Amino acid sequence: MTISQLPLLLFIGLSFTALFTIISGCEKSISMEDRPVAIADEQPQSQVTPVAQENDVLEVVTLGSGCFWCTEAVFRELKGVKSAVSGYSGGKLDNPTYKAVCSGTTGHAEVIQVTFDPQQIAFTDILKAFWETHDPTTLNRQGADVGTQYRSAIFYHNEKQKEEATAYKKQLDESGQFKSPIVTEITEFDKFYPAENYHQDYFKLNPENQYCQYVIRPKLEKFRSKFAGKLKSAEPDNK
């Protein structure tokens, strides 16, 4: 090696170091470390009554499929969905906080409560979007999010939802669409507690967050491509 080659070798070495740093940063960005810690003054939310109970036209279902930021971002875009609220269901503690749920000791799952118009979107389409936008074969886990709070779950609000969800799950298992059996819990709805305000519409309000960029955005883009005809953006312009 000559003296004249030293600058080139030094440049190559620094380039590899920079590349390794970028890759490591990306890996870290999609870990749990990038999700917010519970804020000190957070207050538990009181249970809410679904709007659909006061409206004969609308219907409600409560779904858990990992991080509620992802699920909420997806379902807010579906035509016929009137609201998707992040929160907690399926646990034994009243008025849980995010910190308590993240401990994995309350029994709650991170969920979204979806209010939809069945005249605009069929419940089977809700189920299709649910099962095709997460891995329902991994028990208590979605990617880097691990714990019972990230379990795959459908909390049905009436017997018709239970029957359709059970039949759809059986159909998927028999079709071989997934290499492993579906572990989605199908349970009667009991209570829903809205998550703290800083969780609501998280993706839209925090687009530069690394978790949003590296986890939610690619998932949302894939969803938009696959469900293009079912999105609010596909509705005709009435102007």
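This briefing describes helix packing, nonpolar cores and selected residues in one structure. The model is predicted, so that local features need pLDDT of at least 70 and side-chain atom pairs count only at pLDDT 80 or more, while totals for chains, interfaces and linings use all residues. Residues are numbered from 1 along each chain as its sequence is written, and side-chain values use heavy atoms, with hydrogens and water left out.

**Helix 2 and helix 7**

- Helix 2 (residues 68-75) and helix 7 (residues 210-226) have axes that come within 10 Å and cross at roughly 35 degrees; helices are DSSP runs of H or I with at least four residues, strands are runs of E with at least two, and both are numbered from the N terminus.
- Axes here are lines fitted to C-alpha atoms, for helices over the stretch in contact, with angles from 0 to 180 degrees between N-to-C directions.
- The crossing of helix 2 with helix 7 is right-handed, a term for the near helix being turned clockwise from the far one by less than a right angle, with anticlockwise giving left-handed.
- On the helix 2 side the contact (heavy atoms within 4.5 Å) is made by W69, C70, A73 and V74, and on the helix 7 side by Y211, V215, I216, K219, L220 and F223.
- These contact residues comprise 9 nonpolar, no polar and 1 charged, where Ala, Val, Leu, Ile, Met, Phe, Trp, Tyr, Cys and Pro count as nonpolar, Asp, Glu, Lys and Arg as charged, and the others, Gly among them, as polar.
- Helix 2 is largely enclosed by the rest of the structure, because 8 of its 8 residues are buried; buried means under 20% relative accessible area, exposed over 50%, and partly exposed in between, with a 1.4 Å probe and protein chains only.
- Within helix 2, E72 is buried at a relative accessible area of 2%, and, residues up to four places away in sequence not being counted, E72 touches A84, V85, S86, I112, H199, Q200, D201 and Y202.

**Helix 4 and helix 5**

- Helix 4 (residues 123-131) is mostly covered, with 7 of its 9 residues buried, namely F123, D125, I126, L127, A129, F130 and W131.
- The axes of helix 4 and helix 5 (residues 159-175) come within 10 Å and cross at roughly 45 degrees, which makes helix 4 oblique to helix 5; angles under 35 degrees count as roughly parallel, over 145 as roughly antiparallel, 65 to 115 as roughly perpendicular, and the rest as oblique.
- In this right-handed crossing, F123, T124, L127, K128 and W131 of helix 4 meet Q161, E164, A165, Y168, K169 and L172 of helix 5, a contact with 6 nonpolar, 2 polar and 3 charged residues.

**Nonpolar cores**

- The largest nonpolar core has 42 residues, and L63, F75 and I126 have the most contacts inside it; such a core is a set of buried Ala, Val, Leu, Ile, Met, Phe, Trp, Tyr and Cys residues joined through side-chain atoms within 4.5 Å.
- A second, separate core of 6 residues includes A109, A153, F155 and F189.

**Positive phi values**

- Most residues other than glycine have a negative phi.
- N140, which is not a glycine, has a positive phi of about 55 degrees; N140 is found in the loop between helix 4 and strand 4 (141-142) and is partly exposed, with a relative accessible area of 22%.
- D201 likewise has a positive phi, near 55 degrees, and lies in the loop between strand 8 (192-194) and helix 6 (202-205), where D201 counts as buried at 19% relative accessibility.
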